[in-house]
Amino acid sequence: MAGGSGTRLWPLSRAGYPKQFLILSGNTSLFQQAADRLATLGAEDIAIGAPLVVGNEEHRFMVLDQLREQRLTPSAVLLEPVGRNTAPAITLAALQALQAGSDPVLVVTPADQTVTDAAAFTTALQAAIRQASDGAIVILGITPDRPETGYGYIRSQADGTGLRVEAFVEKPDAATAQRYLDEGSYYWNSGMFVLRASTWLKALQRFRPDIEAATRAAFDARATDGAFVRPAKDSFAQVPSDSIDYAVMERCPGSEFPLRMVPLDAGWNDLGAWEAVWQVALKDLDGNASRGDAIIADSRNTLVHATSRLVSAVGLDNIVVVETPDAVLVADRSKSQDVKKIVNSLTASQRDEHNLHRKVHRPWGWYDSIDMGERFQVKRILVKPGASLSLQMHHHRAEHWIVVSGTAEVVNGDKTILLTENQSTYIPLGQVHRLSNPGKVPLEIIEVQSGSYLGEDDIVRYQDTYGRN
């Protein structure tokens with residue numbers, strides 16, 4: 001499930017490039033790490049299929065690009081036209097999984113979690129898969145190591161075959177969380193579930209038939225475009241929004257759908273806020289953690305995340321500092337859950353910083369708006385090998401293109417030319433044009449725009465490889 005927005009990790013996570021696609025540790029994104037973990041669950045009695053992704057229409061090419069980097073090919077990418085929470089998302093996945101005629105076991109996991117002990121993760125998930133193959137609904141319960149107030153809990157009870165779930169418990173206060181830790185029968189709710197596709201649909205029909213029927217109607221009217229599967233937008237908009245927990249899981253104990261639990265002690269973290277990022281980061285002797293070009297002095301238990309410049313910190317205690325080219329966050333670590341208040345304020349003010357970075361990823365590559373002023377904007381643009389922008393025209397701006405590296409094929413009105421390093425061209429206002437990379441290496445150009453209006457919505461697309469006409 002890769003459709004979240006990760007607002008509490010702003011300014012690094014944004015609606016247009018949310019946390020599951022970010023590299024917060026190591027060299028791969030959280031989404032890539034999740035896909036890699038699931039790809040290694042195979043055993044003599046467990047065959048692993050291709051990943052099935054449920055995500056956002058806006059992020060569809062990020063999903064394909066990041067899977068391609070890991071040499072993974074999805075069986076399908078289900079694109080939700082609107083967000084309807086996790087119960088409809090897993091319903092789409094179950095319906096898609098049944099299309100091949102079998103009834104596979106689904107390992108359902110969010111794409112934005114981290115695990116430090118891969119071997120322990122594999123062992124626990126394989127045990128859950130074996131139980132689910134016999135018809136059980138299995139949840140992964142995280143063995144708690146502290147009295148955490150930010151997670152929901154699962155109360156379990158041992159029986160002759162393992163652990164059964166007695167109840168789900170909402171986020172507790174500090175004293176209650178300490179009692180849960182002391183009692184030892186409570187686990188954090190990981191949000192990871194293992195069950196057969198048909199079992200989910202039967203349970204949903206039992207507890208929320210309205211969600212099952214509405215999601216099935218949207219799926220039956222789907223459109224397919226390569227790996228992309230698009231449920232009917234109007235129908236999906238009518239699906240009631242609810243989570244897996246509320247719709248089904250919390251209703252299972254005591255029903256005909258008994259819920260089992262497998263403990264998971266594998267260095268799990270859902271990275272729900274900057275406090276969680278600090279928790280899992282490598283720290284110095286004073287408890288400070290950093291990423292990027294950062295210098296920390298005379299500080300304790302502080303996180304500094306720098307992305308584009310040197311960030312220095314002196315005399316800080318329990319502080320988070322996150323730097324991006326267009327926004328900086330400074331927060332008390334204990335208040336990191338409240339970063340969403342900043343995002344809500346940005347949204348209410350209709351500011352773009354909640355949605356996009358200065359560097360914006362596109363299906364063909366990316367652009368970075370490195371400078372702008374009245375009547376001009378300068379962009380650094382990278383086009384992937386073999387990719388091209390749409391055939392387009394602008395009503396209010398002209399453009400100058402300078403090739404920095406690679407080879408550019410340029411359609412400029414009725415002419416098509418090739419440009420190489422240090423060559424340039426001019427696109428007059430109102431001229432139909434296209435930029436392509438016919439080469440085997442990335443193409444990088446500097447674009448200087450000038451005109452009365454420079455917004456991204458001043459684009460008339462005539463042809464587009466990516467369905468944006």
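## Pocket lining, core and ring pairs

The lining of the second largest pocket divides into 14 nonpolar, 16 polar and 15 charged residues. Here Ala, Val, Leu, Ile, Met, Phe, Trp, Tyr, Cys and Pro count as nonpolar, Asp, Glu, Lys and Arg as charged, and the others, Gly among them, as polar. This is a predicted model, in which local features need pLDDT of at least 70 and side-chain atom pairs count only at pLDDT 80 or more, while totals for chains, interfaces and linings use all residues. Residues are numbered from 1 along each chain as its sequence is written, and side-chain values use heavy atoms, with hydrogens and water left out.

Helix H2 gives the largest share of this lining, six residues. Helices (H or I, at least four residues) and strands (E, at least two) are DSSP runs, numbered from the N terminus.

Rings of Phe, Tyr and Trp (its six-membered ring) pair if their centres lie within 6.5 Å; planes under 30 degrees apart count as stacked, over 60 as edge-to-face and the rest as tilted. The count comes to nine aromatic pairs, including these:

| Pair | Type | Centre to centre | Between planes |
|---|---|---|---|
| Tyr 17 and Phe 21 | tilted | 6.5 Å | 55° |
| Phe 61 and Phe 228 | edge-to-face | 5.6 Å | 85° |

Phe 61 lies in H2 and Phe 228 in strand E9 (residues 228-230), so their pair ties together parts 167 residues apart in sequence.
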